[in-house]
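Reader: Hello! Could you walk me through a protein model, one question at a time?
Author: Gladly, let's look at it together.

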Amino acid sequence: ALKQTKMGFIAALLAGIAWSYYNRTMIGYFDTDLLVVVFPTLILWGILLCLTDNKNRYLLLTSLLIIGYRWYYGGSYSLILAMSGAVFLYTLIFDRKNIFNYKLVLFILAAAYLHTFVAKFLVIFALFAFFHFGKERVEKFVFPLLGAVLLYMIFSGALAPILTKLEQYVFREIVAADMQLQFFNVIQTVREAGAIPFELFANRISGHTVTFVVSILGFLLLLVKYPKMIVALPMVGLGFLAYNSGLRFTVYAVPAMALGVAFLIVYLGGFIKGYGKYLFMTLATVAILYPNLKHIAEYKVPTVFNKQEVAVLDDLGKRASSEDYAVTWWDYGFPIRYYADVKTLVDGGKHDGHQNFAPSLILTTPDQEVAAKMARLEVEFTEKQFNERKTGESIALMSKEYGYSNPNNFLQDLSSIDISKTKKTRDVFLYLPHRMLNIFPTVALFSNLDITTGERYRQKYFSANTYFQSNGNQIQLGDGSVIIQNQGMIALSGNQQVPIKSFYTVSYDNQQRLIKKEQRVRPDGLLNIIFLQSYNTFLVLDDAMLNSTYIQLFVFENYDKDLFEPVSKSPYAKVYKLKI
């Protein structure tokens with residue numbers, strides 16, 4: 001589009017292997033960002049074609065790409081709006097008399113913000129036919145049509161998702177919803193959405209800090225040479241948001257920064273005569289590629305699940321139908337659906353605070369009857385909402401169904417509530433993997449609050465340690481704590497000494513049968529120690545976490561036989577079938 005094929009070639013070599021794009025597209029680790037960044041890059045190309053050639057067919061091309069992007073990725077609202085704003089900005093500064101540019105903004109907004117998929121297609125093709133066959137005599141309708149689309153966006157609520165994303169990623173507030181309930185924001189717990197060091201930020205975009213700085217200079221030079229590249233600024237801005245809001249965003253800046261450094265290489269090469277020009281460009285290209293190639297050679301990632309975990313899920317798939325549910329944490333949702341062919345309540349694309357509340361409560365409550373009833377209700381109400389095409393927090397719907405105006409009261413009474421009025425339509429399984437030990441404190445956060453006020457309850461104590469060193473009467477744990485065995489005390493990091501209530505040893509024999517031993521240490525104890533001998537792991541936890549559904553069913557295999565039936569007792573993952 002810019003007639004800069006050398007720049008494009010060099011940029012393609014770099015962008016395709018830049019850290020953040022490579023990490024999400026390596027074999028066996030495809031992420032949605034495989035296309036989440038490709039779509040806006042193609043849209044950028046379409047917009048540049050429109051601004052360069054002013055042909056209606058490129059309006060259609062760009063609009064279809066936007067429709068595809070909106071279909072593929074629900075979070076594309078903000079970026080498309082920003083790109084349309086960048087087109088408008090370019091027009092006001094450099095080409096304000098060109099009616100075609102305003103027409104381009106009209107097509108972008110119509111393709112992105114009309115509510116239904118069919119409506120977008122019909123309107124876009126109608127607009128294309130109107131302007132293509134009407135030619136110059138219908139150009140006067142561009143502004144009224146643009147005004148109509150803007151009014152529709154304002155009054156239809158099309159801007160609401162944008163404000164929600166800002167709350168989640170920029171302001172990081174707890175999200176309020178139906179019945180004025182307050183839930184814990186998942187973005188506060190996702191590592192990829194946290195602030196990152198500058199060096200990591202630069203490396204993920206360009207592979208090296210020097211390359212990143214040079215890329216910025218090149219991109220600025222590119223803007224001077226081709227002002228149309230202003231439309232790439234929203235992608236750059238979203239990528240730079242990563243410095244404060246998490247490494248998951250860096251991938252958006254990769255294409256523009258790659259074009260920047262590539263343009264600088266080509267530009268500087270233009271000052272060199274003869275074959276020296278190509279030698280310089282080749283060496284400079286190798287220099288910017290090397291850090292990324294080195295990263296690829298060193299980047300070794302384990303599989304999502306190991307062979308033994310997959311065996312558990314294969315077995316579950318043989319016992320369950322595709323309409324049954326596996327209740328677990330959202331990290332495991334997608335692979336469970338793949339291997340076991342069952343539904344899940346939450347997954348990598350569905351894990352907002354209100355969606356995570358029920359799984360968190362099920363896994364962390366000390367009352368197994370509450371866990372069982374909540375699992376049954378959450379599954380049935382989720383299906384009911386899906387079938388009736390209704391939205392809203394399921395906990396609010398449950399409360400109303402059983403005559404409670406306050407969800408807290410409903411939750412407090414749940415163990416004694418007769419839930420038989422909610423018809424059982426399918427089987428429900430609890431999937432409890434060993435790997436959840438590493439994130440169990442995070443799991444607990446989502447239900448450890450008053451959902452009517454958002455106020456958090458006292459934080460539960462849990463620490464898992466796979467690194468430890470025994471020294472006489474003391475065991476030094478990886479988190480800095482020290483178990484003082486002869487005193488029955490544990491010195492937490494910060495030297496606060498807390499009495500130990502009980503010490504448990506859990507192991508498996510050769511037939512993978514569980515062996516557990518309990519030693520009462522001090523009646524005034526506040527924390528418990530569990531030594532998972534087969535995993536070489538120490539757990540330090542309070543009574544609330546010790547009695548949680550996950551710890552009791554996975555670690556100790558203590559389950560209420562009226563509520564649960566064991567399906568798999570593998571040391572890697574345990575599965576229980578709900579009996580109610």
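Reader: Which helix gives the most to the lining of the largest cavity?
Author: Keep in mind that this is a predicted model. Two helices, helix 19 (353-364) and helix 21 (394-401), each supply at least two residues of that lining. The one that gives the most, with three residues, is helix 19.

Reader: What volume does the largest cavity have?
Author: In general, rolling a probe the size of a water molecule over the atoms shows where empty space is left. Searching the whole structure turns up one cavity of 30 Å³ or more. The volume of the largest cavity is about 30 Å³.

Reader: How many residues of the lining of the largest cavity are nonpolar, polar and charged?
Author: The lining is made up of Phe183, His354, Phe357, Ala358, Glu378, Ser394 and Ile395. Sorted by class, these lining residues are four nonpolar, two polar and one charged.

Reader: Are helix 4 and helix 5 roughly parallel or roughly antiparallel to each other?
Author: Helix 4 covers residues 38-53 and helix 5 covers residues 56-72; their axes come within 9 Å and cross at roughly 165°. An angle over 145 degrees counts as roughly antiparallel. Helix 4 and helix 5 are therefore roughly antiparallel.

Reader: Which residue classes make up the contact of helix 4 with helix 5, and how many residues are in each?
Author: On the helix 4 side, the residues that meet helix 5 include Phe39, Trp45 and Asp53, and among their partners in helix 5 are Tyr58, Gly68 and Tyr72. By class, the contact has 15 nonpolar, three polar and one charged residues.

Definitions and conventions:
Residues are numbered from 1 along each chain as its sequence is written. This is a predicted model: local features need pLDDT of at least 70, side-chain atom pairs count only at pLDDT 80 or more; totals for chains, interfaces and linings use all residues. Side-chain values use heavy atoms; hydrogens and water are left out. Axes are lines fitted to C-alpha atoms, for helices over the stretch in contact, and angles run from 0 to 180 degrees between N-to-C directions. Helices (H or I, at least four residues) and strands (E, at least two) are DSSP runs, numbered from the N terminus. Angles under 35 degrees count as roughly parallel, over 145 as roughly antiparallel, 65 to 115 as roughly perpendicular and the rest as oblique. Contact means heavy atoms within 4.5 Å. Ala, Val, Leu, Ile, Met, Phe, Trp, Tyr, Cys and Pro count as nonpolar, Asp, Glu, Lys and Arg as charged, and the others, Gly among them, as polar. On a 1 Å grid over the protein atoms alone, a cavity is a set of points where a 1.4 Å probe fits but cannot get out, and a pocket is an open set with protein on both sides within 12 Å along at least five of seven lines; lining residues have an atom within 4 Å of a point. Grid points are joined across faces, edges and corners, and a volume is the space filled by probe spheres set on the points.
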